[in-house]
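Have the viewer open and follow along.

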Amino acid sequence: MKPLEIADRKFKSRLLVGTGKYSSPDSLAESLAVSGTEIVTVALRRVDLNAPDPTLQAIDFDKYLVVPNTSGARDCDEAVRLSRLARSASGLTWIKLEVTPDPVYLLPDPYETLKAAEILVKDGFTVLPYIHADPVLCKRLEDAGCAAVMPLASPIGSARGIRTEEFLKIIIEQSNLPVVVDAGLGMPSHAAAAIELGADAVLVNTAIAAADNSVEMAVAFKLAVEAAEKALDSGPVKESVKAEASSPLTGFLDA
Amino acid sequence: MILKVNGKTGKFKNNIKTVADLLSLLKIKNTEKIAVEVNREIIIPSRFRQTPVQDKDNIEIVSFVGGG
């Protein structure tokens with residue numbers, strides 16, 4: 001497979017890893033290291049003046065491309081404000097755009113996301129929007145100048161795997177942008193399935209972070225993504241309804 | 001002087017004259033990975049020393065946390 005390319009950058013790994021919910025900074029640092037990831041996401045919050053978040057120390061900003069998200073934003077204005085703050089803090093223009101007004105399913109608001117994407121692209125950001133698996137919206141975001149699209153597999157943190165398969169297939173077929181399947185991938189097989197569908201990459205957070213052994217789970221996801229890549233490179237057999245015998249149907253013994 | 005910092009209103013001494021003074025008082029050392037807003041305007045790090053804080057300013061100090 002050709003290397004993953006987003007905006008003007010090439011990446012060897014198709015596994016993007018989120019940094020939330022780890023049991024310790026050490027677990028996070030080691031999980032990122034063994035996952036082979038080159039792109040990690042972070043969120044932006046008010047500095048807790050009493051208890052600063054130790055996560056930051058665990059992330060090597062020189063080793064990974066650190067992409068801040070706009071989680072917590074409920075509309076376009078909040079997302080744009082968070083993006084500009086994130087740029088000021090990181091010095092980087094990459095942003096994972098998330099606008100999730102619904103607190104129960106954290107589903108993204110397509111209208112506010114598109115509005116924010118248009119503003120941020122004009123403002124010079126490299127925009128990676130988190131969206132529902134909506135092929136039409138993907139085209140609108142492509143027209144707006146986004147660098148990738150990040151359709152969801154199932155709700156954030158739900159570990160329910162790929163529940164949007166038919167629409168992901170259409171997105172993958174039609175998109176001229178890299179497609180990063182994000183959210184809801186609970187097991188390595190889900191990540192492999194996304195790559196086998198033709199997604200350019202996957203983003204995994206909770207499934208690794210909240211596992212009993214995050215480091216081993218990070219390895220499992222790495223292997224799954226690599227297995228799927230290798231399979232696609234190996235010319236997979238086409239599905240058929242009827243059986244295809246594995247041995248010749250001639251040369252039997254006489255009855 | 002009254003300042004609102006990250007949503008909490010508090011009294012500050014008048015020797016806090018700039019954003020840099022405030023960050024130092026709050027013991028925020030790693031100023032590399034933070035962003036500051038004064039009254040909704042982003043202050044870039046290279047201007048922390050020049051940017052005054054004044055009575056009734058609303059200041060937000062944010063940084064990165066784990067996220068997906």
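## What helix H1 of chain A packs against

This is a predicted model. The buried residues of H1(A) pack against several elements of chain A: strand E3 (15–18), strand E4 (39–46), helix H2 (55–58), helix H8 (206–209) and helix H9 (214–233). Strand E5 (58–66) of chain B is packed against by these buried residues as well.

Which residues of H1(A) are buried? Along this helix, residues 25–35 of chain A, they are Leu28(A), Ser31(A), Leu32(A) and Ser35(A). They lie on the same side of H1(A), because the arc they cover around the axis is only 100°.

## H1 beside H9

Now look at H1(A) together with H9(A). Their axes come within 8 Å and cross at roughly 20°. The two helices are therefore roughly parallel to each other, and H1(A) passes H9(A) in a right-handed crossing.

On the H1(A) side, the residues that meet H9(A) are Ser27(A), Glu30(A), Ser31(A), Val34(A) and Ser35(A). Their counterparts in H9(A) are Ser214(A), Val215(A), Ala218(A), Val219(A), Phe221(A) and Lys222(A). Ser31(A) and Ser35(A) are also among the buried residues of H1(A).

## H3 beside H4

Helix H3 (residues 76–90) and helix H4 (residues 110–122), both of chain A, have axes 8 Å apart and pack at an angle of about 40°. That angle makes H3(A) oblique to H4(A). H3(A) contributes Cys76(A), Ala79(A), Val80(A) and Ser83(A) to the contact, while H4(A) contributes Glu112(A), Lys115(A), Ala116(A), Ile119(A) and Leu120(A). Here too the crossing is right-handed, with H3(A) passing H4(A).

## The nonpolar core

In soluble globular proteins, nonpolar side chains tend to be buried together. In this model, the largest nonpolar core has 93 residues, and Val180(A) and Val202(A) have the most contacts inside it.

What does Val202(A) touch, leaving aside its neighbours within four places in sequence? Its contacts are Arg14(A), Leu15(A), Leu16(A), Val180(A), Val181(A), Leu185(A), Ala191(A), Ala194(A), Ile195(A) and Val225(A).

## Where the chains meet

The contact between the chains takes 28 residues from chain A and 18 residues from chain B. On the chain B side, strand E3 (34–38) and E5 of chain B are the elements that give two or more residues. E5(B) gives the most to this side, with seven residues. E5(B) also takes part in the packing of the buried residues of H1(A).

Definitions and conventions. Residues numbered from 1 in each chain as written. Chains lettered and ligands numbered in written order. Predicted model: local features only at pLDDT ≥ 70, side-chain atom pairs only at ≥ 80, totals over all residues. Buried ≥ 20, exposed ≤ 12 C-beta atoms within 10 Å, placed from the backbone. Helix = DSSP H or I, 4+ residues; strand = E, 2+ residues; numbered from the N terminus. Arc of directions from axis to C-beta. Contact = placed C-beta atoms within 7 Å. Core = buried A, V, L, I, M, F, W, Y, C linked by C-beta atoms within 7 Å. Axes fitted to C-alpha atoms, helices over the stretch in contact; angles between N-to-C directions. Parallel < 35°, antiparallel > 145°, perpendicular 65-115°, else oblique. Left-handed = near helix turned anticlockwise from the far one by under 90°.
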